[in-house]
Amino acid sequence: MAAVAAAACAEQVYTMFPFLEHADPDVHDAFFSHARHMRIPGDQVMCSQGQSCPHLALLLKGRVRVYKIGAGGREVTLYRVAGGDSCILSAACILSGQAFPAYAVTESEIEVLAVPSQVFRAWADQHTVWRQHVFGELARRLTDVIGVLEDVTFRRMDVRLATYLLAAADADSGRVSKTHQQIAGDLGSSREVVSRLLKEFERNGVLTLARGSIHVGNSAGLRGLAAGSDNFNVT
């Protein structure tokens, strides 16, 4: 997990985080003095529930999944952090002094700009541009989490699964590169429910299942399911 000065990738920083490019020179100087460019392998826990947040990570590359685990072990994905994003839960924890309320795990190798928590806290006090960044990210992520809550609470599971598969399927091959367990985690369901619904979809001719593989062969039929035109209602 080597770290180098963020100034080594200044052009990429400005492309991914344009609010920094247009900030005052003192913001530039502070950022490139304190931020460190780091590479972190995939499948690594960046932060666990109950931990403090030692830094704010601004992602340049890769993807991080932020999720909750229920008492029974069921997972639900809150949101993902990708290139050009920062984790608003980390920022909120740093500014409030509270523990991280979820789990954050890398889904691939990532490149981040890591800002120490005490430095970021001072910047948020001193610089309007950092406060605006935090408030903007907070509004966007709050919308994401409300969308997850609405899906889990109000939408049928078959409709949610069909919608998910349409978004996840490769545009050319129709392949969905997700396990049943991963899909369940993203949707806040169980693997058994997801597997039952996938078999039901297969019986209705919208996809085919093989070991470790899902292939969407009838996207029009799947779009019909996503619109709620058929009453598959396995919960």
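In the predicted model, contacts (heavy atoms within 4.5 Å) between helices H5 and H6 involve Phe120, Trp123, Ala124, Asp125 and Gln126 in H5 and Thr128, Trp130, Arg131 and Val134 in H6. By class, these residues divide into five nonpolar, two polar and two charged; Ala, Val, Leu, Ile, Met, Phe, Trp, Tyr, Cys and Pro count as nonpolar, Asp, Glu, Lys and Arg as charged, and the others, Gly among them, as polar. Helix H6 spans residues 128-154, and its axis lies 5 Å from that of H5 at an angle of about 105 degrees. Axes are lines fitted to C-alpha atoms, for helices over the stretch in contact, with angles running from 0 to 180 degrees between N-to-C directions. H5 and H6 are therefore roughly perpendicular to each other (65 to 115 degrees; under 35 is roughly parallel, over 145 roughly antiparallel and the rest oblique).

Residues are numbered from 1 along each chain as its sequence is written. The model is predicted, so that local features need pLDDT of at least 70 and side-chain atom pairs count only at pLDDT 80 or more, whereas totals for chains, interfaces and linings use all residues, and side-chain values use heavy atoms, with hydrogens and water left out.

Phe120, Trp123 and Trp130 also belong to one aromatic cluster, together with Tyr14, Phe17, Phe19, Phe31 and Phe32. Nine aromatic pairs are found in the whole structure, a pair being rings of Phe, Tyr or Trp (its six-membered ring) with centres within 6.5 Å, classed as stacked when the planes are under 30 degrees apart, edge-to-face when over 60 and tilted otherwise. The pair of Tyr14 and Phe32 is edge-to-face, because the ring centres are 5.8 Å apart and the planes stand at 85 degrees. Tyr14 lies in helix H1 (residues 10-16) and Phe32 in helix H3 (residues 25-34), so this pair ties together parts 18 residues apart in sequence. For Phe31 and Trp123, with centres 6.1 Å apart and planes at 40 degrees, the pair is tilted. Phe31 is in H3 and Trp123 in H5 (residues 117-126), so the pair ties together parts 92 residues apart in sequence. Relative accessible area is 17% for Phe32, which is buried (under 20%; exposed is over 50% and partly exposed in between, with a 1.4 Å probe and protein chains only). Phe31 is buried at 1%, and Trp123 is buried at 4%.

Helix H7 packs against two further helices. The axes of H7 (residues 157-168) and H8 (residues 180-187) come within 11 Å and cross at roughly 115 degrees; H7 and H8 are therefore roughly perpendicular. Met157, Arg160, Leu161, Tyr164 and Leu165 in H7 meet Ile183, Asp186 and Leu187 in H8, a set with six nonpolar, no polar and two charged residues. With H10 (residues 219-226), H7 packs at about 140 degrees, the axes being 7 Å apart, and the two are therefore oblique. Here Val159, Ala162, Thr163, Leu165 and Leu166 in H7 meet Ser219, Leu222, Arg223, Leu225 and Ala226 in H10; seven are nonpolar, two polar and one charged.

Overall, the protein comprises 10 helices and 11 strands, defined as DSSP runs of H or I (at least four residues) and of E (at least two), numbered from the N terminus. Of its 235 residues, 43% count as buried. Among contacts between residues at least 6 apart in sequence, 71% join residues at least 24 apart.
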